[in-house]
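The sequence and the structure come before the text.

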Amino acid sequence: MNDKYIPATGGCFCGAVRYEAEVNLHAAYYCHCKICQKTSGAPAEIGVSVKPGTLRFTKEEPQFFQTSPIGRRGFCRHCGSRLIWMSPDRADWTNVSVGSLDHPEQAVPSLHICVESQLPWYKLADDLPRKRSGDDPDLIAAWSNAGLTHEGKPL
Ligand SMILES: [Zn+2]
Ligand SMILES: [Zn+2]
């Protein structure tokens, strides 16, 4: 993985929410967590990392929902497209949903996370690194700061 961020644009299905940001197209990752499954309606979400401080909305702002103590997800209030994931304490974790980019074909997934929730029939023919939530010390620390275990249960 490299740290090269480039300017990109994207937005929702109906066009009400548009954004620009510097993104790392080589730091796209599959998140197999249960919340991503529910909020995307797909077996996994693919997020693309955003350089902290570069995300700017150029039309309407998304509607944000606090989906866990460590994150909120932004959707278009008109068409429902999921666009953004942000964490209050970790600006460096901000990501945009790959399908919201104007050129999602340029993104290159580099990692699978939260694979403990991966659906058994969702097989991806790649040899990318696969991490369980419990393998990520930063994630465990973030949950812990929110008074929770890495599985979202109270400490
Ligand atoms: Zn929309
Ligand atoms: Zn997730």
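Ala-28 of the pair stands opposite Pro-109 in E9. Helices (H or I, at least four residues) and strands (E, at least two) are DSSP runs numbered from the N terminus, and two strands pair if DSSP finds at least two bridges between them.

The other pairings of E2 described here are antiparallel. Strand E1 (residues 6-11) pairs with E2 in this sense over 6 bridges, with Gly-11 opposite Arg-18. E1 and E2 form a hairpin with 6 residues between them, and Gly-15 in that turn has a positive phi of about 95°. Strand E4 (residues 56-57) runs antiparallel to E2 with 2 bridges, and Phe-57 in E4 is the bridge partner of Tyr-19.

Of the 14 residues of E2, 10 are buried, so the strand is largely enclosed by the rest of the structure. A residue is buried if 20 or more other C-beta atoms lie within 10 Å of its own, exposed if 12 or fewer, and partly exposed in between, with C-beta atoms placed from the backbone.

## Conventions

Residues are numbered from 1 along each chain as its sequence is written, while chains are lettered from A and ligands numbered from 1 in the order in which they are written. For this predicted model, local features need pLDDT of at least 70 and side-chain atom pairs count only at pLDDT 80 or more, whereas totals for chains, interfaces and linings use all residues.

Strand E7 (residues 82-86) has 4 of its 5 residues buried. On one side of the pairing list is strand E6 (residues 71-75), which runs antiparallel to E7 with 4 bridges; Phe-75 stands opposite Arg-82. E6 and E7 form a hairpin with 6 residues between them, and Gly-80 in the turn has a positive phi of about 85°.

E7 is also joined to strand E8 (residues 95-97) by 2 bridges, again antiparallel. Here Ile-84 has Val-96 in E8 as its bridge partner.

## The nonpolar core

The largest nonpolar core has 28 residues. Such a core is a set of buried Ala, Val, Leu, Ile, Met, Phe, Trp, Tyr and Cys residues joined through C-beta atoms within 7 Å. Val-23, Ala-28, Cys-31, Val-48 and Val-96 have the most contacts inside it.

Val-23 illustrates the packing. Leaving aside neighbours within four places in sequence, Val-23 is in contact (C-beta atoms, placed from the backbone, within 7 Å) with Tyr-5, Ile-6, Ala-8, Val-48, Ser-49, Val-50 and Val-96.

## From E9 to helix H2

Cys-114 lies in the loop between E9 and H2. Cys-114 has a positive phi of about 55° although it is not a glycine. Most residues other than glycine have a negative phi. Cys-114 is buried, with 26 other C-beta atoms within 10 Å.

The buried residues of H2 are Leu-139, Ala-142 and Trp-143. Seen down the axis of H2, these residues fall within an arc of 95° (taken from the directions from the helix axis to the C-beta atoms), so they line one face of the helix. The face turned away from the buried side carries the exposed residues Pro-137, Asp-138 and Asn-145. Gly-147, which follows H2, has a positive phi near 80°.

## The chain as a whole

The chain has 2 helices and 9 strands, in the order β-β-α-β-β-β-β-β-β-β-α from the N terminus. Of its 155 residues, 33% count as buried. Among contacts between residues at least 6 apart in sequence, 53% join residues at least 24 apart.

The C-alpha trace spans about 40 × 35 × 30 Å along its principal axes. The radius of gyration, taken over C-alpha atoms, is 15 Å, which agrees with the value near 15 Å for a compact globule of 155 residues. The globule rule is 2.2 Å times the number of residues to the power 0.38.

Terms used: Two residues are in contact if their C-beta atoms, placed from the backbone, lie within 7 Å.
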